[in-house]
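Have a look at the structure first.

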Amino acid sequence: MLGEQGSPVLILSGTVGVGKSTILNEVHSLLERARVPHICIDADALAMSWPARGAYNQVAVLDNLASIWANARTAGAERLVLACVIESRDDLDAYRRAVPGAEITVCQLVAPEGVRTSRLRQRERGSGLEWHLRRTEELRQILEDAAVHDFSITNDDRSVQDVAYEALTRAAWPVGQPD
């Protein structure tokens, strides 16, 4: 284990439809292959409850994350990768409180609007589609204006593996070469 010096945390942020969950899954595969003790969490899964607690159920996300991270550390995880949206410095502070000792690096994934809307039309079904289509550009602008990321990576027509590998290497995390 890394000990008391801190816990490296890589946050994959970006607007809806940019591919955060997909890249998260590939990051997990690369870290697993490199035998790096870690846990990967898609924050959206921590928010699916009602009634909501805070905007986008963020209070539930942070409470759930704190519990999961404590359990993961006990099980040997040394690093945390999150797929979530970081809209402000206040968001970063909230994640630091949920993950004591977090040394956070934010990778903002970006993709052209046409790519995002195409992905959303393939992924979303039912009542969520129209909301996601409206939100993708609105949130992209919020994230661009806030500029709380350490670096950004374009996730459009590149392979998922290449994007995940770039995220890990730019965050200076140990990882082997992709296949």
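## Helices α3 and α4

Let's begin with helix α3 (residues 58-74) and helix α4 (residues 89-98), whose axes come within 8 Å and cross at roughly 35 degrees. Axes here are lines fitted to C-alpha atoms, for helices over the stretch in contact, and angles run from 0 to 180 degrees between N-to-C directions. Helices (H or I, at least four residues) and strands (E, at least two) are DSSP runs, numbered from the N terminus.

On the α3 side, Q58, V61, L62, L65 and A66 meet A94, Y95 and A98 of α4, with contact meaning heavy atoms within 4.5 Å. Sorted by class, that contact has seven nonpolar residues, one polar and no charged. Ala, Val, Leu, Ile, Met, Phe, Trp, Tyr, Cys and Pro count as nonpolar, Asp, Glu, Lys and Arg as charged, and the others, Gly among them, as polar.

## About the model

This is a predicted model, where local features need pLDDT of at least 70, side-chain atom pairs count only at pLDDT 80 or more, and totals for chains, interfaces and linings use all residues. Residues are numbered from 1 along each chain as its sequence is written, and side-chain values use heavy atoms, leaving out hydrogens and water.

## Helices α5 and α6

Next up are helix α5 (residues 113-123) and helix α6 (residues 128-146): their axes come within 10 Å and cross at roughly 155 degrees. That makes α5 roughly antiparallel to α6, a label for angles over 145 degrees.

From α5, the contact takes in E113, R116, T117, L120, R121 and R123, while α6 brings L129, H132, L133, T136, E137 and R140.

## Helices α1 and α7

Helix α1 (residues 20-33) packs against helix α7 (residues 160-170) at an angle of about 70 degrees, and their axes are 9 Å apart. That makes α1 roughly perpendicular to α7, the term for angles of 65 to 115 degrees.

Here T22, I23, E26, V27, L30, L31 and R33 of α1 meet V160, Q161, V163, A164, Y165 and L168 of α7. Nine of the contact residues are nonpolar, two are polar and two are charged.

## Local details

Now for the loops. W50 and P51 are joined by a cis peptide bond, with omega about 5 degrees, and P51 sits in the loop between α2 (43-46) and α3. R35, in the loop between α1 and β2 (38-42), has a positive phi near 60 degrees despite being a residue other than glycine.

Note on methods
Angles under 35 degrees count as roughly parallel, over 145 as roughly antiparallel, 65 to 115 as roughly perpendicular and the rest as oblique.
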